[in-house]
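The following report walks through the packing of a predicted model.

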Amino acid sequence: IVTLNLVDCMLTPKVSYPNFYGSKVDTSYYLGGSVLHLHFVLFNCTEFASTSFPTVVIGEEIDHVRLITLNRPKQLNAISPELISLLASYLEKWEIDDKAELIIIKGAGRAFCAGGDLRVFYDGKKKKDSCLEVVYRYYWLCHHIETYKKTQVALVHGISMGGGAALMVPMKFSVVTEKTVFATPEASFGFHTDCGFSYSHSCLPGHLGEFLALTGARLNGKELVAAGLATHFVSSEKIVELEKRLISLNSGDENAVRSVIEEFSSEVKPDEDSILNKQSVIDECFSKNSIEEIIKSLEAEANKEGNGWIATVLKGMKRTSPTALKIVLRSVRDGRNETLSECLKKEFRLTMNILRSTISEDMYEGIRALTVDKDNAPKWDPPSLDKVDDGKLDLVFQPFEKNLELQIPESEACRWAGKYENSAYAFQIGQYKTAWVLLVSELDATL
């Protein structure tokens with residue numbers, strides 16, 4: 001009996017199987033204690049493995065250059081379990097490959113990466129922790145992207161939002177164009193600033209990070225470079241030629257890569273009406289200690305000449321989930337005194353508590369209003385800032401038991417350790433090791 005297919009499917013991150021991706025396996029097959037049940041799963045797994053599916057991430061090896069293309073153009077290259085799995089596989093393989101020197105990442109179509117698929121989160125409400133695996137894998141990967149050992153270049157032409165921007169901002173070189181659009185809009189649908197952005201935003205000048213996180217304000221390519229969220233601005237008509245030159249450079253030498261990019265890049269500054277030119281007002285208002293004080297300060301500033309832009313900011317914040325606003329402010333503020341690893345672990349706790357509706361169901365209500373019913377009329381609970389119990393906020397920030405935290409490796413020797421399949425969660429929900437032990441036990445009893 002060829003039973004290793006089960007283990008192969010669980011351990012190999014390079015191939016995705018519909019209805020057989022990690023925790024999506026129905027563990028009742030294993031718990032039945034029947035060899036027949038186990039064989040049924042194994043044979044189905046083999047069948048899935050032989051099926052052809054569109055490649056959501058294309059990886060190319062060109063001498064010393066490695067090219068990654070996010071390939072879900074119809075979905076604006078939104079993050080999916082398969083995309084994460086393939087991306088992690090390529091990055092781990094190439095980091096330890098001495099021949100690989102330069103990693104280039106781009107998106108197919110009109111988007112770089114639009115972030116997470118909100119409908120997946122919404123539908124996940126029907127089954128407890130159904131999104132846990134994809135969240136764990138992506139936050140774990142975010143740490144490795146931020147600390148990657150090879151030279152990386154992101155060619156960001158188009159939409160780069162939320163978790164998708166985590167494939168842009170941490171790169172050694174991030175190239176944007178006049179068509180690049182960036183935002184971290186999570187608070188607007190009752191979520192929080194995640195994928196390492198409670199760390200990245202806390203490092204921005206003044207209190208720009210709090211402003212971006214709480215308002216979901218969009219930045220264009222010029223503004224991204226000025227704010228330090230991207231390194232170079234290149235006209236969209238030159239981006240293809242830049243990619244060709246980087247490939248022909250065939251080297252990961254940082255100075256050489258920088259020189260090539262600078263041949264194509266332009267010195268830019270924000271337009272006159274850019275939000276970045278409002279930094280003094282942003283710092284004055286968003287430095288306050290609470291959401292209530294921030295709003296009060298904005299209302300005071302809105303009455304001053306030249307501050308007409310504040311009306312839109314206030315309108316947006318007052319339409320946002322009160323609970324989400326308070327979580328986001330606290331998370332970004334905490335990020336000022338946290339390492340990247342600490343921020344990602346905190347964000348993992350926040351995400352899981354929000355998905356579990358520990359103190360509020362606002363995220364599900366926000367997604368319903370935004371993408372399901374599309375009525376843009378969310379009914380937040382509680383409906384106002386004064387009704388939010390600040391004591392309850394502590395619940396979503398509380399550390400998990402040590403083995404249930406996001407397992408980010410602490411030493412370079414074990415840099416790629418801590419994967420989901422080796423986590424306590426994988427064992428809890430009866431994944432491959434449970435199946436394997438039961439199978440061996442049944443075979444042993446039979447023999």
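Rings of Phe, Tyr and Trp, the last taken by its six-membered ring, are said to pair if their centres lie within 6.5 Å. In this predicted model, one aromatic cluster is formed by Tyr 136, Phe 348, Phe 400, Tyr 420 and Tyr 425, and the count of aromatic pairs comes to 11 by this rule. One of these pairs joins Phe 189 and Phe 191, whose rings are stacked with 6.2 Å from centre to centre and 10° between the planes.

Helix 16, which covers residues 340-355, has 16 residues and reaches 22 Å from its first C-alpha to its last, close to the 22 Å expected at 1.5 Å a residue. Helix 16 is mostly covered, with 13 of its 16 residues buried, and just after this helix Ser 357 takes a positive phi of about 55°.

Val 135 is found in helix 6, residues 132-146. Leaving aside neighbours within four places in sequence, Val 135 is in contact with Phe 121, Phe 348, Thr 351, Met 352 and Leu 355. The C-alpha atoms of Val 135 and Cys 195 are separated by 9.2 Å, although the two residues are 60 residues apart along the chain.

| Residue | Relative accessible area |
|---|---|
| Val 135 | 4% |
| Phe 189 | 7% |
| Phe 191 | 3% |

The largest nonpolar core has 97 residues, and those with the most contacts inside it are Phe 182, Phe 211 and Phe 286. Helix 6 gives the most to this core, with 10 residues. A second, separate core of 17 residues includes Leu 67, Leu 102, Ile 104 and Leu 155. Not counting residues up to four places away in sequence, Phe 286 touches a set of residues that includes His 207, Glu 210, Phe 211, Leu 214, Ile 294, Met 317 and Arg 333.

Strand 1 (residues 57-62) and strand 2 (residues 65-70) run antiparallel and are joined by six bridges. Within this pairing, Glu 61 has Arg 66 in strand 2 as its bridge partner. The hairpin made by strand 1 and strand 2 has two residues between the strands, and in this hairpin Asp 63 takes a positive phi near 55°.

Notes:
Residues numbered from 1 in each chain as written. Predicted model: local features only at pLDDT ≥ 70, side-chain atom pairs only at ≥ 80, totals over all residues. Heavy atoms only, no water. Helix = DSSP H or I, 4+ residues; strand = E, 2+ residues; numbered from the N terminus. Expected span 1.5 Å × (residues − 1). Buried < 20%, exposed > 50% of the residue type's maximum accessible area, 1.4 Å probe, protein only. Contact = heavy atoms within 4.5 Å. Core = buried A, V, L, I, M, F, W, Y, C linked by side-chain atoms within 4.5 Å. Pairing = 2+ DSSP bridges. Phe/Tyr/Trp six-rings, centres within 6.5 Å; stacked < 30°, edge-to-face > 60°.
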